[in-house]
Amino acid sequence: MEAAAAPGRDAPGSTASQPSGCGKHSSPERKVYMDYNATTPLEPEVIQAVTEAMWEAWGNPSSPYPAGRKAKDIIKAARESLAKMIGGKPQDIIFTSGGTESNNLVIHSVVKHFYVNQTSKGDTGVHHSPVDGAKPHFITSSVEHDSIRLPLEHLAEEQAAAVTFVPVSKASGQAEVDDILAAVRPTTRLVSIMLANNETGVVMPVPEISQRIKALNQERAAAGLPPILVHTDAAQALGKRRVDVEDLGVDFLTIVGHKVYGPRIGALYVRGLGECTLLHPMLFGGGQEQNFRPGTENTPMIAGLGKAAELVTQNWEAYEAHMRDIRDYLEERLEAEFGQKRIHLNSQFPGTERLPNTCNFSIQGPRLQGRMVLAQCRVLMASVGAACHSDHGDQPSPVLLNSGIPFNVARNALRLSVGRSTTRAEVDLIVQDLKQAVAQLEDQA
């Protein structure tokens, strides 16, 4: 669920005014969108790619006639673009409906593989569970997206799996590598840690986690235990920093289109798909996507995702530099207007890397709960945390509480996430908007 409507991009030839952040707007009703971690508008090049595919590649990609062959070629090119964006191989990319499906596909594949190996006959025993009747064990963090947390909780409730939710450090905001390793059991099959948190922007130590798990897997192999796989949800990190599957060392990586100015579909990277790393389909049908995700491919959306990936590959360094400049300016302006003692920057943890675009902060004071402040804003479009939690009432974000932010501070939190086209002038506008919102609430006290 989105907290506010995302700004649009002008289609080719359009002269309609759009909300700020995506074009000029002179109306007194001007709005400034700063919820880019929730969703992003489509880039004009992405819209063009989608439109062209709708016109020219409407055929079934499995069909031999021209429109079908055109669709197949577009899908192939998009797969190559996604692979290039993350430093992987095209054959290791499968398209999905979005991040939620990709995450669920990883989790349910691991469960399926565990039980298939446990009950297989004629096996040497190397892949058997070390304890009869045991369940696959998962390790994740306490600040993961719901598309990781909820399926794992459901599996635990159904007694189909065991799960350890490792708390993040209150000093770093990260899931600590030693804590993850300490949670490993003989039945552990997957470690899933997001690459960057959607609310705080904290970047998790995924490369070190992968390195430590790889070393541990050598010991497990000697003991006759199967390896532990590593998955990261890279939804928030892509397009904001360098993402390379070789550097990360992961077996699975989730890609989400609408976080990178693309359409609302996704993809999943699987290292050595079907060979080094096994995947079990959740759906069965026509055999598309190497039988791992059947169903006639959504060619126009795949074309758009491919173009979005191409833009990230070409421009991510410029995107990162611009967003960091704007985010830093935003934090400077907030502290200048409200005072350093009154502004608590919830996403700043000393020595911890964070996304260049994310500013999670609280304006301290009674009656200044995040939702109340946003309700008084006339210009700013943002959220108090994850947009999909926008109906949770006045309860503070569990992510902030788990990260050590005090209850009364977390209750006042706002998450502002800037985008590729956000300007300093827009920052000035929303800071003044926040000032008038706070003044109005304090006058009512």
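**Reading a helix, a strand and a core**

Mentor: In helix H6, the buried residues (under 20% relative accessible area, with a 1.4 Å probe and protein chains only; exposed is over 50%, partly exposed in between) are Val206, Ile209, Ser210, Ile213, Leu216, Asn217 and Arg220. Viewed down the axis of H6, they fall within an arc of 130°, so they line one face of the helix; the arc is that of the directions from the helix axis to the C-beta atoms. This is a predicted model, in which local features need pLDDT of at least 70, side-chain atom pairs count only at pLDDT 80 or more, and totals for chains, interfaces and linings use all residues. Residues are numbered from 1 along each chain as its sequence is written, and side-chain values use heavy atoms, with hydrogens and water left out.

Trainee: Why do residues three or four places apart point the same way in an α-helix?

Mentor: An α-helix has 3.6 residues a turn, so residues at that spacing point the same way. On the other side of H6, Gln211, Lys214, Gln218, Glu219 and Ala222 are exposed.

Trainee: Against which elements do the buried residues of H6 pack?

Mentor: Helices (H or I, at least four residues) and strands (E, at least two) are DSSP runs, numbered from the N terminus. The buried residues of H6 pack against helix H5 (177-182), strand E5 (188-192), strand E6 (229-233) and helix H7 (245-248), where contact means heavy atoms within 4.5 Å. Just after H6, Gly224 has a positive phi of about 80°.

Trainee: How many residues of strand E8 are buried?

Mentor: In E8 (residues 266-270), 5 of the 5 residues are buried, so the strand is largely enclosed by the rest of the structure. Gly266, Leu268 and Val270 point one way, and Ala267 and Tyr269 the other way.

Trainee: Which strands are joined to E8?

Mentor: Two strands pair if DSSP finds at least two bridges between them. Strand E2 (residues 93-96) is joined to E8 by 4 bridges and runs antiparallel to it; strand E7 (residues 252-256) is joined to E8 by 5 bridges, also antiparallel. Ala267 in E8 is the bridge partner of Phe95, and Ile255 stands opposite Ala267.

Trainee: Which residues touch the most other members of the largest nonpolar core?

Mentor: A nonpolar core is a set of buried Ala, Val, Leu, Ile, Met, Phe, Trp, Tyr and Cys residues joined through side-chain atoms within 4.5 Å. Of the 88 residues in the largest, they are Ile86, Leu253, Phe361, Ile430 and Leu434. Helix H8 (residues 299-338) gives the most to this core, with 14 residues.
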